[in-house]
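Reader: Hi! Could you walk me through how some of the rings and helices in this protein model sit together?

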Amino acid sequence: MSRPLQLSVLDQSVACVGRPQDESIRNTVALAELCERLGYQRFWMSEHHSLPAIVGTAPEVLMAAVAVRTRSIRIGSAGVMLPHYSPFKVAEQFRVLDALAPGRIDLGVGRAPGSDHRTAMLLNPDPRASEMFPQQVRELQAWVGGHDMPEGHPGHGIQAFPRGSTAPELWMLGSSGYGAQLAAHFGLPYSFAHFITDGEGCAEALELYRHRFKPGALQEPRANVCVWALAADTEEEAWRLFASRERARVDRQTGRFGPLLPPEQAVRPYDEAEEVYRRQLRGKAMVGTGEQVAQKLRALAEELEVDELVVITWTWDPFAQRRSYELLAQACGLQPA
């Protein structure tokens, strides 16, 4: 018997050629409202810096806007790049968010810079910042959960306010075995970024997480997988829309980053190496009608033994993006809120 599939959303506030960047931020809020009505489980927002393709730089701010415009969907960061920041300040920010949306806040954290090296140094000049990540997670877990630091710790006796009857749920994010091992060590829920690696290493990371899991925040392991997918009313239209994402991915292979192009402008001649990569990308892509993509999503969830997939979709046209989530909700049998 196939397991029931929960669907969630990751949005990155993608920059688009010919559209003001502030429009991308407002589109994220509008998408969250729609996805709540469609019955999606959670809505996550990413953090990137100085990247021309993505203008979602402050998920904690954007989450506040989404919190006051929604009522039931879980809202989260995917994620806060913790080495840039003070764990205490992050705990305070997310406790404020939990006050705005009690019991609905996910605090996803990651170690990756979400930027280039120079930008990362501007966010935190300490070159050893990423080495402190496990200690930061431990401190963040305590302050978010309302627990005191041990005697001798500089934060002993310090509390993160506001306090309430609920608290943000801490998630570990990753695209390699490192995050899986850390999530297992702390007993945290774990999310694998399938869309970053095109699935490479996903099964291995999930197996590592489950095998090494120790009860902590959770008594049993709980994982989801974030995957890229695009649905349209016809398969032909879906592949036409995919041209924007395809161009962005091929260009990224040679270090070229820029706003998302309209499908008609995205098509260009590819050299031999680019063409090989393009065909590989298409071979793995979850693109098609709602039913076609839903079948691929169910098959992936069964293969990886997860109950939840977080879907990320890039389109130049925000209405095409919203239509994709509508079609997937229908095809996967989500219950409207």
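**Rings and helices**

Author: Trp239 and Phe242 both lie in helix H9, 3 residues apart, so about one helical turn separates them; helices (H or I, at least four residues) and strands (E, at least two) are DSSP runs, numbered from the N terminus. This is a predicted model, where local features need pLDDT of at least 70 and side-chain atom pairs count only at 80 or more, while totals for chains, interfaces and linings use all residues. Residues are numbered from 1 along each chain as its sequence is written, and side-chain values use heavy atoms, leaving out hydrogens and water.

Reader: How many aromatic pairs does a search of the whole structure find?

Author: Rings of Phe, Tyr and Trp (its six-membered ring) pair if their centres lie within 6.5 Å; planes under 30 degrees apart are stacked, over 60 edge-to-face, and the rest tilted. The search of the whole structure gives 8.

Reader: What type of pair do Trp228 and Phe242 form?

Author: Trp228 belongs to strand E7 and Phe242 to helix H9, so this pair ties together parts 14 residues apart in sequence. Their ring centres are 5.6 Å apart and their planes meet at 65°, so the pair is edge-to-face.

Reader: Is Phe242 buried or exposed?

Author: Buried means under 20% relative accessible area, exposed over 50%, and partly exposed in between (1.4 Å probe, protein chains only). Phe242 has a relative accessible area of 2%, so Phe242 is buried.

Reader: Which ring does the charged end of Arg245 sit over?

Author: A charge counts as over a ring if NZ of Lys or CZ of Arg is within 6 Å of the ring centre and within 35 degrees of the ring normal. For Arg245, the distance to the centre is 4.9 Å, and the ring is that of Trp314.
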